[in-house]
Amino acid sequence: MRSMEGRPDTAAEAMHLVDYHAGDLKQVPTRNGMGEGLIEAGSRDRNVLGVCADLSESTRFEGFKKAHPDQYIEIGVSEQMLVAMAGGLAAVGKIPWIASYAMFNPGRSWEQVRTIMALNETNVKIAGAHAGVSVGPDGATHQAIEDIAIMRVIPHMMVVVPCDAVQTKKAVLALSQTWGPTYLRFGRDKSPVITTEQTPFAIGKAQTFREGGDVAIVACGILVYNALIAADQLAREDGIEARVVNNHTIKPMDEDAIVEAARVCGAIVTVEEHQKQGGMGSRVAEILAAARPAPIEFVGVDDRFGQSGDPAELIEYYGMGVDAIKAATRRAYARKREKA
Amino acid sequence: MQSLSAARVNELRLRANDVRQGIIRSLVAAGSGHSAGPLDMADIFTALYGYLLHHDPANPEWPERDRLLLSCGHIAPVRYSAMANFGYFPVEELLTLRKFGSRLQGHPERVRLPAVETTSGPLGEGLAQGVGMALGAKMDHKDFHVWVVTSDAEHQCGLHWEAVMTGAKFALGNLTAIIDRNFIQIDGSTEEVMPLEPLAEKYRAFNWEVLECDGNDMAAFIETAERALEVKDKPQVIVAKTLAGKGVSFMEGDYTWHGKPPNAQQADEALHELQAERERILAGA
């Protein structure tokens, strides 16, 4: 693969990415990766269960229900029950994946998540669907943009936010085989598929998707694509070479990769479809404040609620589009140069 | 109730007396904690550990054991005392209740003490977990039974009723809930704080098998529990009427003893009363 500038894109090659510079990328919702991964996980291990609270179609658990009817449980609109019951199922050896919209689970069920999953150390997996403002027309009540914050502060919890549908499937398979309470966050809307079957994935291991030494853009979820596009445009327009890191595991975060990005690039931009407060970027800031202080700019929702609209329109309006990432990257780069 | 002789009942009443004495000793050593609920549930926990449960104190994680969940974690002293008295750990360990580094946390934690089956304290969550365990057992054709002890006041929690609905949906005959119906909670009488009656009718409307008994009458409780175990096609609930603070006269029926321990002098008085009761049981009264 070659970059827009014609140079070999070694990071993208090493990661077996698709040629994301092309305009006609396959668009698949990350929730589809959830559904496909779960069917396969359920075949590999019959103790893997799918448990739904009335949203089996939209969380993409319907395929699992058809493929593994004996491993499927439906309990209706009761998200606290979803967590508590899953704790009981896990206590007798099951690996329950519990599905709802992130706003309701863990949004409604946080205390059960803390007590029954984390303090009690049970192997329950939360499938947090419809996260972010890209839920779109449903509006603010259904747009979870605080979920990373409330989950990453819980001891023992794993928090994973894959970048596309293919990576979501890999995450489901990996997490199904990894013991421990888990939160997997994914979205509703179609988003570009940038990874391939060959792209490696390991929980807790951040991935450099684009090389660059001027600024590091650390992103998670579907905005990794926007970060890559922003980086390419910045190289062309400003000559700024940005490293792009797919920081899919919020907890336990790959601290070495974050510190290394700060060491090499000297300035950081974090990008997430979440409140700036308390999310992935906040964790990056915590790590760097302690280990290697560097200028940081945060891209995310700025202490506001979402609203109805088209997903792309909302991403732009709330300051997470390509232009917003470019502007934040220029600011971070300027701050680094002022400091030098 | 073929096997339960009068002698066996008396032996269990003595064990319940041991459990009550252990509760008082642990609470006075802790200097904080709940008195009324643990005392009123001493008979039921003795019946469970001493008669009803399939369990092995030497092998607390035996996979086929019956599961006993305590949903209202604040009455942990009765569970700890019963476990100690039935061989899970030395009785002296009860004096570590609520102390730094103890396995006997103020509210029970499974990770520290696996035999408690789950971590509880936040109310209204135990039955939901019991439903999960019973459903998991049913899916795997396991024979163990799931018992969940709940307080009456935690029936004010929405999640508890989600669990009641779910238990009925999956026809969990391997699940029995026991309600400590002592009519008290921190702020006063349950019927004044937030009325629960008609409690039995509510469960019937949710398609549970409902049994009622005096939870401080050893023989009556065991007989009721055995009738519950005969029901195979739906979950069962035993509404066990108990007297808050049972066994210590100055605590009985007084909600102010819900959340405080006896001081040293009160503990002496309580132990004196319980010893007298023990002698009456031994005399066959």
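**Ground rules.** I work with a predicted model, in which local features need pLDDT of at least 70 and side-chain atom pairs count only at pLDDT 80 or more, while totals for chains, interfaces and linings use all residues. Residues are numbered from 1 along each chain as its sequence is written, and chains are lettered from A and ligands numbered from 1 in the order in which they are written.

**Entry 1: domains of chain A.** I looked up how chain A is divided and found domain 1 (10-25 + 199-339) and domain 2 (28-192). The bounds come from an automatic or database domain assignment. Taken over C-alpha atoms, the centres of the two domains of chain A are 25 Å apart. Domain 1 of chain A puts 33 residues into the contact and domain 2 of chain A puts in 32; two residues are in contact if their C-beta atoms, placed from the backbone, lie within 7 Å. Among the elements giving two or more residues on the domain 1 side, I noted helix 8 (223-238) and strand 13 (268-275) of chain A. Helices (H or I, at least four residues) and strands (E, at least two) are DSSP runs, numbered from the N terminus. I sorted the domain 1 side by class: 16 nonpolar, 13 polar and 4 charged residues. Ala, Val, Leu, Ile, Met, Phe, Trp, Tyr, Cys and Pro count as nonpolar, Asp, Glu, Lys and Arg as charged, and the others, Gly among them, as polar.

**Entry 2: chain B against chain A.** I found 21 residues from chain B and 21 residues from chain A in this contact. On the chain B side, helix 5 (126-139) and helix 6 (158-169) each supply at least two residues. Helix 5 of chain B gives the most, with 9 residues. The chain B side divides into 9 nonpolar, 7 polar and 5 charged residues.

**Entry 3: backbone exceptions.** Most residues other than glycine have a negative phi, and most peptide bonds are trans. I looked up cis bonds and found one from A:Asn105 to A:Pro106, with omega near 20 degrees. A:Pro106 is in the loop between strand 4 (95-101) and helix 5 (110-119) of chain A. Another cis bond joins B:Glu197 and B:Pro198, with omega about 0 degrees.

I then looked up positive phi. A:His156 has phi near 75 degrees, and B:Phe183 has phi near 65 degrees. I noted B:Phe183 in the loop between strand 3 (175-181) and strand 4 (184-185) of chain B.

**Entry 4: burial.** Is B:Phe183 buried or exposed? B:Phe183 counts as buried because 20 other C-beta atoms lie within 10 Å. A:His156 has 16, so A:His156 is partly exposed. The cut-offs are 20 or more other C-beta atoms within 10 Å for buried, 12 or fewer for exposed, and partly exposed in between, with C-beta atoms placed from the backbone.
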